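Subject: Structure handover

Hello,

Here is the structure I promised to pass on. Please open it first, then read my notes below.

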Amino acid sequence: MKRKIFTSLFALSLSWTILGQERQISGVVTDGAEKVPLPGVSILAKGTTIGTATDGEGRYQLKVPAEAKVLVFSFVGFVTQEIEIGNRTSIDVEMLPDTRTLQEVVVTGYGQQIKREVTGNIAKVGGTEIKDMPLPTFDNAIQGKAAGVVVNAGGGKLGQAIQVRVRGQSSVSASNEPLYVIDGIPVTTADLGSFGGATNPLADINPQDIESIEILKDASAGAIFGSRAANGVVLVTTKRGKAGKTNINFGVQLGNSKPTRRVKFLNAQQYREFYLMAAANSDRIEGISPNDPDSYTTYIKEFFEVQSLGQNVDTDWGSLAFQHAPMTQYDLNINGGNEKTAFYVSGQLLDQKGILIGNGLQRISGRVNLEHRLSNRFTLGANMGLARTLNQRISGDRQFDNPMQIVAIPSITPHIDPQTNLPIGTPPGDISLPLYYNPLINIGNAYYNTTVYRNISTLFGQLEIFKGLSFRSEFGVDLLNQHEELYYNSKTQRNFGAPLGLGRNLYTRVENYNTNNFFTFDRSFGQHGITAVAGISYQESQQKGNFIEGRDFPSDAYRMIASAARKTDGSSSQTDFRFLSYFLRANYKFKERYLVSLSARVDGSSRFGNESKYGFFPAASLGWILSEEHFLKDNAIVSFLKLRSSYGRTGNAEIGNFPARGLFAGAGYAGNPGQAPVQLANPHLSWETTDQIDAGLDFGLLNNRISGEIDYYYKHTTGLLLNVNVPATTGFTTQVRNVGEMTNKGVEIVINTENLTGELRWRTSFNAARNINKVTNLAGQIIEAGLNNMSRAMEGQPLGVFFTAEYAGVNPENGDALWYRNRVLPDGSIDRSTTNRYNEAQRVVVGSPLPKWTGGITNTVSYKGFDLSVFFNAQLGQKINFYGVGRFSSANGRFEDNQTVDQLNAWTPQNRNTDVPEARLFFNNGAQPSSRFIYDGSFVRLRNVTLSYNVPKQYAAKLKMNAARIFISGQNLATFTKYKGWDPEVNADDIVTNIAQGYDFYTAPQPRTVTFGINVGF
């Protein structure tokens, strides 16, 4: 008995000794990027089972034994850190986002998934990657960030439509834009503008409110959105509050924009010399003496006198198209919460001037995201985003009052009329001057304002029925009210032919309602894991519009149409659509390495025929994590390796609201009301259908310091929605039918590397993609579009190929422009002889506007509070039709337009080795539609550089701040290209269609923007 008592006392004293050697360590763990506390971080004493987790404010306390040397900090989505304890009792840690992304959570349709278990192809762009970019819309910010996603900004106008293509073009007539879903709700993204180029409804959304952007690229990922997903799906998740103390963050950005590039035109002396030469050449050809009163030379000299107003000036009209373009942006957000309630409240004020005179964008936006746990089983939440956007627009690229067309005015013409001291062409001055309408007259005398009020909101409730099974109900609204006001006063009469002024007013309202109701099951059974989602979705959208036009105002002081003497036009319209959908997805995993995913969606749409209202869209995918197998487990080189493959079917329903119905319209006859049929019904009309296969490899090497993915895909679209010819006995000439096929196939490569770790950290993210598009079947049809029908959809070629005469250069003997005949000879060969007769040249395919390769690379370096990010993107192999300048301002003196300086290299007897034909006034010597002005549009662009400094916490604390950050950011700083125009990243805004791509018609260049900013947190 004494022995047992002695043993017990010894054990007790030993335990007291051990406890006496324990140390208590405490500290705070924060997000190194966002500078906010991180709740739920796991802290473990390495080599033991002793651990804890941070609380809602990121704080922790942990007792560790004396022999513990290292603490391990780990959290999903962040780099695991091992910190030596030493003699410290307080250790604060900043967790850095894990750019290797193998464990991060990605948003999928109606749920989330850990990236390592995803069997589809989902590209994620984090909110931190776009937050400092001086861009008004988030879709522009994802350019070059995701492999296989091609973004074309179109031009340098603010608020204009931006083109996004996910794995190529899938349709000839329907939309090729992806489906945008914000916080689970499909939103309105179609152009609602009525005048000029297309607008961008995504400009109403504040990029600073975005937590993440997921792009569903393959059918396995997107098929749960069924008939809407053929062009990919972009899921946008806005920021949420986090448990912990309340954080107040304020940011301000100030900046300025300039055009990335300018095209050089002839100065006054060069203009006179060039056109005297061109006139003399025309006189020579027609055998007219230069001294003849009817000669070209006499005409051009008189033209010089009239257009110069007898003054000796040299006007750089090109520089007058641009304006000082400042930008100011203020952001404020408050977030926080506790174990029951989390909130995020934000506001933004953006005021940005465009680089073109008269262009500007102002946005006031606010957001409130709330989430509250009413009980342990039920959560209620709401997301509300409100915005007011004012877009001060300018005319379409092909309009004479588009500021870019000012370059065509001769440099000999003064921009100020010396008689009136007003911009030349302004009444009471001579309105026939200058050569073309002067866009400077619009300043103060005209406006085209589009004001949008937008409400994108979601209310949701989620009930945990029992462990592993929950039910979620969502109701979302996207309410868009748009008001367009166009007014041109009497001083602009040359432009619109309205001597007493013109006013147009259009009001558009879109009510878009959506509800999702679905069950989610998520349980593990030993080595098995199952996640399933099943539910129903319903969407209803209605668009109404009213339009009125008035002319003849009492004076320029009156601008409302109520004051117009004549109400010259007016109309109203309404259009609706509905979708009813049922969806199911099941994910299964076995032993954490074998993955299976199945999904299906049934969509019913009001857009299609009574016989084909519902479509079925299935998908299946497999994944195998090889690195979990015994032959690769604990491999020193291969950290992660996953094979995956998928097949799925998706659809495209974006072709308007009534293509299947027989339609009638009002038609008056002899002053009496009536109606007439305007569209032939097709009850069998259905979705365009895209079948897609994908095979991918995800990898991580050297403890995931090198990670990435490689994908191959093949997309086959059938049942293209096309207008096809029908027998005239039907009373119609065309009918919308499902006819035709198209394919896209390609490869995508993503590589992320941790080049340096530690105090000096260097990371690289690289992506590249190759897509091959081909129209394989149009039932023998040839569809033309674009200027002079130079673009085609034709079998065997990429969509929108340029089809025109092929330019062959200049005849060195006489300066004539030459073309290849390209006739098919009886033996099947092609006649490649040349001719100076344009009509003898057969049209052929001369290039594609679609890029062959796209990609981007970002390098990020961090050191002692400094962060430097350098981002390049590239598009290679596409062609651009420099049509506007080519046919008018690089046209060998075809008209009196000012010419580009390369025309000084025109053919002369002394300059025979040139590709610029002889200058001939009013002769069309080489300016006909041809391949002459279709140039290589490849480019590599320094898209963004951001340098920031995080003020040390001890200094920020002295100013009563939790964090402070200073940064400078530059956008579009340098462009490397051989393209001759202002910018290789263009698409003329009032020309572009699915087929008419790659046109430059005096299109504005992208802005080069530099901003300085400060972010502070309290």
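**The loop around T426**

Leaving aside its neighbours within four places in sequence, T426 is in contact with I441 and K491 (contact means heavy atoms within 4.5 Å). T426 sits in the loop between β21 (378-392) and β22 (446-466). Helices here (H or I, at least four residues) and strands (E, at least two) are DSSP runs, numbered from the N terminus. T426 counts as buried because its relative accessibility is 3%. Buried means under 20% relative accessible area, exposed over 50%, and partly exposed in between (1.4 Å probe, protein chains only).

A polar atom of its side chain lies 2.6 Å from the backbone oxygen of P423. A polar contact is a pair of N or O atoms within 3.5 Å; within protein, one must be able to donate a hydrogen and the other to accept it, and residues adjacent in sequence count only if both atoms are side-chain atoms.

Two cis peptide bonds deserve a look. The bond from P427 to P428 is cis, with omega near 10°. P428 lies in the loop between β21 and β22. L433 and P434 are also joined by a cis peptide bond, with omega about -5°. P434 is found in the loop between β21 and β22.

**How to read the model**

This is a predicted model, in which local features need pLDDT of at least 70, side-chain atom pairs count only at pLDDT 80 or more, and totals for chains, interfaces and linings use all residues. Residues are numbered from 1 along each chain as its sequence is written, and side-chain values use heavy atoms, with hydrogens and water left out.

**The cores**

In soluble globular proteins, nonpolar side chains tend to be buried together. Here, the largest nonpolar core has 70 residues. Such a core is a set of buried Ala, Val, Leu, Ile, Met, Phe, Trp, Tyr and Cys residues joined through side-chain atoms within 4.5 Å. V172, W982, Y999 and Y1002 have the most contacts inside this core. Two or more residues each come from α5 (268-286), α6 (296-308), β34 (721-725), β46 (844-847), α9 (883-888) and β50 (934-936). The largest share, six residues, is from α5. A second, separate core has 26 residues, including V125, I142, I162 and I215.

What does Y1002 touch, leaving aside its neighbours within four places in sequence? Its contacts include M404, V407, A408, F888 and W982. Among them are also D397 and D897.

**Helix α5**

The 19 residues of α5 should span 27 Å at 1.5 Å a residue, and its end C-alpha atoms are 27 Å apart, which agrees. The expected span is 1.5 Å times one less than the number of residues. Buried residues of α5 include A268, Y271, F274, Y275, A278 and A279. N281, S282 and D283 are buried in α5 too. The buried residues of α5 pack against α6.

Now the two ends. At the start of α5, a side-chain oxygen of N267 reaches to within 3.2 Å of the backbone nitrogen of Q269. After α5 comes G287, whose phi is positive, near 70°.

Two strands pair if DSSP finds at least two bridges between them. E784 stands opposite R792 in β39.

N788 lies in the loop between β38 and β39. Its phi is positive, about 55°, although N788 is not a glycine. N788 is partly exposed, with a relative accessible area of 45%.

The other open sheet has three strands in the order β41-β42-β45, with antiparallel pairing. Its edge strands are β41 (807-810) and β45 (834-835). Three bridges join β41 to β42. Y807 stands opposite W819 in β42.

N822 is in the loop between β42 (817-820) and β43 (823-824). Its phi is positive, about 55°, although N822 is not a glycine. Is N822 buried or exposed? N822 is buried, with a relative accessible area of 7%.

Best wishes
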